[in-house]
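Open your viewer, switch to a cartoon view and follow along. We will go from one selection to the next, with a short note on what to look for at each stop.

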Amino acid sequence: MDLHEHQGKELFRRYGIPVSDGRLATTPGEARSAAETLGGTVVVKAQVLIGGRGKAGGIKLASSPDEAEARAGEILGMDIRGHTVAKLWIERASDIAREYYLSLTFDRSAKQPLFMFTTQGGIDIEEVAATSPDALVKLLVDPLEGCHPWHARRLVYAAGVDDPGEQKQIAAIVGKLYEAFVGADAMLCEINPLIVTPDGEVRALDSKFTVDDNALFRHPDIAEMRDAAAADPLEALAREKGVTYVKLDGEVGVLGNGAGLTMSSVDVVTFAGGRPANFCDLGGGGDAQGVVDALEVVTSDPQVRSIFFNIFGGITRCDEVARGILQAVEQMGLGQPIVVRLDGTNAEEGRRILDEASLQNLHAEGTMLDGARRAVELAA
Amino acid sequence: MAIIVDPDTRLVVQGLTGSEGRFHGLRNRSYGTNVVAGVTPGKGGQDVDGIPVFDTVVGAVSETGANTAMVFVPAPFAADAMYEAVDAGIATVICITEGVPAHEMLRLHAFVQVRGVRLIGPNCPGVLSPGKANVGIIPAEIFREGAIGLVSRSGTLTYQIGHELTQLGLGNSTIVGIGGDPIVGSSFLNILALFEADRQTERVVMVGEIGGDEEEKAAAFIEAEMSKPVVAYIAGFTAPPGKTMGHAGAIISGSEGTAQAKKDALEARGIRVGTTPTETARLVAELARV
C-alpha cells in the first residue's frame with residue numbers, strides 16, 4: 001500500500017526523523033487557515049499517489065494566506081496523470097542549501113534491505129544511477145543483525161559528506177529510517193530530497209512510503225490510512241468484494257483463477273489482436289458467489305464489450321464457476337458475449353452446466369488460445 | 001530420482017487439523033506421499049484419519065522421523081511455524097500459506113541460509129514428483145511422470161503448462177512452485193541447480209513472470225552452469241508499470257522487471273522463450289525430438 005506524502009511524514013515524525021511543520025487541507029479555506037497558523041511562506045502540495053507532481057504544477061509556493069487560498073483553489077481538482085487532487089499538504093517553506101537522497105528498500109536478489117544514499121538529491125534517482133553511478137552509495141543490511149552506527153558512517157563517508165554536523169544528523173536519520181522500515185513493515189522508505197538548510201539543519205522534505213499489504217494485519221493504524229477515494233473506483237469496488245482487479249484500457253474483460261494464469265490470459269488476448277479491459281483474478285476458492293462478484297466488477301467498466309473466462313481448476317472447481325456465470329448472467333442481465341474455457345477439476349461437469357443452459361451470449365471454447373481469439377472477435 | 005520430494009519424504013503437516021491442512025494433507029497421502037505426522041499446538045495426542053498429531057514439531061520428529069514439513073498455518077503464525085520446523089531439524093520446509101509479511105521472509109531466509117535448510121514458498125502450490133510424492137496443492141492428475149523438470153513462480157499457470165505438456169505426450173520429473181512473493185525461500189537458481197544434478201531430469205521449463213530479476217540471473221546461470229536445455233515462459237508482457245498483477249512480487253518498478261527485458265536476457269543466452277503456454281510446450285516438444 002502506497003502512502004501519501006503527509007502520511008509518510010507522519011510515520012517519519014513518529015520515528016524521530018525531522019520533517020517540516022504542516023497541515024492537511026481539502027478546501028481553499030482550510031488552506032488559508034493552515035497558512036495562517038503556520039505563518040510565513042508555505043508550500044501547497046497536491047497529495048496524489050503518483051510521481052511528477054512538481055512538473056505537473058501540483059506544488060506551489062505561497063507567501064501569504066491569500067495566496068495559499070488562491071493556489072489551493074488552482075490545485076484542488078487538478079488531474080495529475082489520471083489522479084484527481086482531493087487533498088493538499090500545506091507546509092512551512094524551507095530554505096535549501098543542499099539536496100541529498102536517502103532510501104531503504106528490498107534488494108530482492110540479495111534478499112536483504114538496501115540503503116541508497118547520494119548527495120545528488122532532488123532529482124529522479126534513476127537518473128543519478130544512470131549518469132553518475134559512482135555518486136550513488138549502496139549498502140546492504142543483514143536483516144538478522146539490523147542497522148548499526150557503522151552502516152551510517154559508511155554511507156556518509158562514501159558519499160563525501162564532510163561537515164561533522166551534517167554527518168551526525170544524517171547518521172541519526174539513517175538509524176531511524178531503518179527503525180521505521182522494519183517497524184512499519186515497509187517495502188520502500190524514500191526521502192528525496194533530504195535537505196540541508198543554510199543553517200545546517202537536515203530534514204526530510206518529501207516522503208515516499210510503501211507498506212507491505214501482507215503485514216497490515218499488525219498495523220491497524222496504517223491500514224486505516226488507505227485512501228479509498230484515491231484508488232480507481234472499480235479497483236475500490238473489487239477490493240470491497242475481495243477480488244483482485246487491475247483496470248486496463250481495452251474492451252475485452254479478462255477473468256482467470258490465479259495471478260499467473262490471469263496475467264498470461266491478458267497477454268494472450270493482446271497477442272490475438274485485442275485490447276484487455278482489465279486483469280481480474282478470482283483467486284484460489286472461486287465459489288459461485290465469488291464469480292458473480294468478479295463479473296459485477298468487470299462489467300461495471302462500460303468499455304467492456306466481451307468477456308474471456310479462463311479457468312484451470314485446481315482448488316477452484318469448474319462446476320462452481322459455471323454456476324456462478326449462469327447466476328451472474330441471470331441476476332445482472334448481462335448482455336455481453338462471454339467466452340468460457342474450462343479445464344481441470346470438474347471441467348466436464350462445468351461444461352455440461354453451461355451447455356444445458358444454452359444461453360445465446362455464452363460461448364464455450366476448448367483451449368486458452370481459441371478462447372482468447374473468440375473473445376477478441378466478439379469485441380470487435 | 002526427481003528432486004525435493006520423493007519416496008524418502010517423511011512429511012509432517014503443520015496445521016493438519018485446519019480445514020485446508022486436513023483436505024490437502026489427506027489428498028497428499030492418498031497420492032502416496034508418506035504423511036507421518038501433523039502438528040497443532042494443543043491438539044497433541046489426537047489424530048487426523050490415523051495420522052498422529054503432536055503439539056510441537058520436535059515431538060513429531062522424534063516420534064516419527066519426519067524430514068519434510070508442509071506449512072498450512074495462517075499467515076500471522078506461519079513464520080513462527082517455519083522457525084520451529086528448522087529448529088526441530090527438518091531439512092525441507094514447504095510453505096503453502098499466502099500472505100506472510102515480506103520482512104518475516106527476509107529474516108527467515110537469512111536464518112535458513114546458514115543452516116542448510118531448503119525452504120520453498122511461501123504462497124506457493126508446493127512440489128510434486130509424479131508417481132513418487134506430492135506435497136502441497138498441485139492437482140496431480142494433470143501431470144504424468146517423465147523427464148521434464150518444471151519450476152514456476154505461479155500455480156495455475158503451471159497447471160496450464162503441465163496440461164499442454166501432457167497433451168503432447170510429455171511428462172515431468174518434478175514440478176516446483178517457488179511462489180509469487182517478493183521474497184521467497186528458494187529461487188529459480190536453486191531449483192535449476194537441483195534439476196541439473198538430477199538424473200531423471202533431461203530438460204527444464206522455467207515459468208517466470210514480471211518483477212524482480214530472478215529470470216535474468218537464471219539466464220546467466222543456465223548459460224554458465226547447465227548442460228541440460230531450458231525453455232522459458234514469462235507472463236505479463238502487457239502488464240502496465242507500477243501496478244501489482246495479483247502476486248505481490250509481480251510489479252514493474254522503474255525500468256526493471258518487464259517481461260520483454262527478461263525475454264531479451266534469456267534469448268541473449270540462447271534460451272528459447274515461448275510467448276504463450278501453448279508455444280512453450282511446443283518448444284519443449286521440439287527439444288525432445290532433437
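What covers the buried residues of α10(A)? Before the answer, keep in mind that this is a predicted model.

**Stop 1: a helix in chain A**

Select residues 288-299 of chain A, which make up helix α10. This helix has twelve residues and reaches 16 Å from its first C-alpha to its last, close to the 16 Å expected at 1.5 Å a residue. Now color its buried residues: G290(A), V291(A), V292(A), D293(A), A294(A), L295(A), V297(A) and V298(A). Their cover includes two helices, α8 (233-241) and α11 (318-332) of chain A. It also includes the strands β14 (244-247), β15 (252-256), β16 (278-281) and β17 (306-313) of chain A.

**Stop 2: the sheet**

Stay in chain A and show its strands β14 to β19. In which order do the six strands of this open sheet lie? The order is β14-β16-β15-β17-β18-β19 (chain A), with mixed pairing. At the edges you will find β14 and β19 (362-364) of chain A; each has a single partner strand, so one side of each is left without a neighbour in the sheet. From one strand to the next, the twist averages 15°.

Zoom in on β14(A) and β16(A), which run antiparallel and are joined by four bridges. To see one pair of bridge partners, pick T244(A) and its partner D281(A) in β16(A).

**Stop 3: the domains of chain A**

Zoom out and color chain A by domain: domain 1 is 21-92, domain 2 is 98-223 and domain 3 is 232-379. A distance to draw here is the one between the C-alpha centres of domain 1 and domain 2 of chain A, which lie 26 Å apart.

**Stop 4: the domains of chain B**

Move to chain B, where the assignment gives domain 1 (11-120) and domain 2 (139-289). Their C-alpha centres lie 27 Å apart. Nine residues of domain 1 of chain B are in contact with eight residues of domain 2 of chain B. On the domain 1 side, α4 (102-113) and β7 (118-120) of chain B each supply at least two residues. The largest share of that side, five residues, comes from α4(B). By type, the residues of the domain 1 side divide into seven nonpolar, one polar and one charged.

**Stop 5: a loop residue**

Center on A140(B), in the loop between β9 (133-136) and β10 (145-152) of chain B. Is A140(B) buried or exposed? A140(B) is buried because 21 other C-beta atoms lie within 10 Å, and 20 or more is the cut-off for a buried residue. Beyond residues up to four places away in sequence, A140(B) touches Y31(B), L128(B), P130(B) and N134(B).

**Stop 6: where the chains meet**

Finally, show both chains together. The contact takes 47 residues from chain B and 45 residues from chain A. On the chain B side, the elements that give two or more residues are α3 (75-87), α4, α5 (156-167) and α9 (277-289). Of these, α4(B) gives the largest share, seven residues. The residues of the chain B side divide into 23 nonpolar, 18 polar and six charged.

Methods:
Residues are numbered from 1 along each chain as its sequence is written. Chains are lettered from A and ligands numbered from 1 in the order in which they are written. This is a predicted model: local features need pLDDT of at least 70, side-chain atom pairs count only at pLDDT 80 or more; totals for chains, interfaces and linings use all residues. Domain bounds come from an automatic or database domain assignment. The expected span of a helix is 1.5 Å times one less than its number of residues. A residue is buried if 20 or more other C-beta atoms lie within 10 Å of its own, exposed if 12 or fewer, and partly exposed in between; C-beta atoms are placed from the backbone. Two residues are in contact if their C-beta atoms, placed from the backbone, lie within 7 Å. Ala, Val, Leu, Ile, Met, Phe, Trp, Tyr, Cys and Pro count as nonpolar, Asp, Glu, Lys and Arg as charged, and the others, Gly among them, as polar. Two strands pair if DSSP finds at least two bridges between them. Axes are lines fitted to C-alpha atoms, for helices over the stretch in contact, and angles run from 0 to 180 degrees between N-to-C directions.
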